[in-house]
Amino acid sequence: MEEPVVGEVFVPTVEEEGGNIIGLGVFSSESIAMNVLKDYFKHSWKGKILSANLARWEVDLIGHDGLTLLAKWSCQICPMCERPTFWIDLDHFSALCYGTACGAWMEDNIYEEDVIDIGVPTIRWLHQSRSIKQAMIEFRKKKVEMRAAAGDHDDDLVTTAMEDAKTRMERLMRKEGLTSLGDALGAGISEEE
Ligand SMILES: [Zn+2]
């Protein structure tokens, strides 16, 4: 009997909401299968994806004896960019947002067991938390803080612009001897007539 040419294959799959399983192909090496999967992670916002896994199948074996589940991931809404591109590796406990221009990540601290490192490279932010729940809260707090900073800035500009306009209008009205905006508009119309 001839030896089989291919002894094992690597099969990445993703699961959609509703239980539909999408196969991403059958590959001859784990690294190729992994790259295919990670490329898919970048696009998970396009569909309603719940999870993914990477399986190794030994060929020519009947039934599930040939199956080894190598890794599982859960797809979550990213706490920073709010897109469903935040993939949590359920075996090694680490998470990464594959969304472009985000890259929020979370992983176990390699030295301290009960410490979780989190970060957002695009804003050079790093933080440490004691639990996943706490880590998610810290992410959201950071996001709110960033939004508030951006929002306050805009509000200040708008307020300043409005104050300037009001002051200018009042100055003009005093010059014209008018007491209200209605008078000013009325005067404008009568001038045009
Ligand atoms: Zn993100």
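View 1. Helices (H or I, at least four residues) and strands (E, at least two) are DSSP runs, numbered from the N terminus. This is a predicted model: local features need pLDDT of at least 70, side-chain atom pairs count only at pLDDT 80 or more, and totals for chains, interfaces and linings use all residues. Residue numbers start from 1 along each chain as its sequence is written.

View 2. Ala33, Leu37, Tyr40 and Phe41 are the buried residues of α1 (buried: 20 or more other C-beta atoms within 10 Å of the residue's own; exposed: 12 or fewer; partly exposed in between; C-beta atoms are placed from the backbone). Looking down the axis of α1, the buried residues fall within an arc of 105°, so they line one face of the helix; the arc is taken over directions from the helix axis to the C-beta atoms. Over on the other side, Ser31 and Asp39 are exposed.

**View 3. Strand β5 and its neighbours.** Strand β5 (residues 86–89) runs antiparallel to β4 (residues 67–76), joined by four bridges; strands count as paired if DSSP finds at least two bridges between them. Cysteine 75 stands opposite tryptophan 87 of β5. β5 also pairs with β6 (residues 94–97), again antiparallel and over four bridges.

**View 4. The β5–β6 hairpin.** Four residues lie between β5 and β6 in this hairpin, and phenylalanine 93 in the turn has a positive phi of about 40°. Isoleucine 88 has alanine 95 in β6 as its bridge partner.
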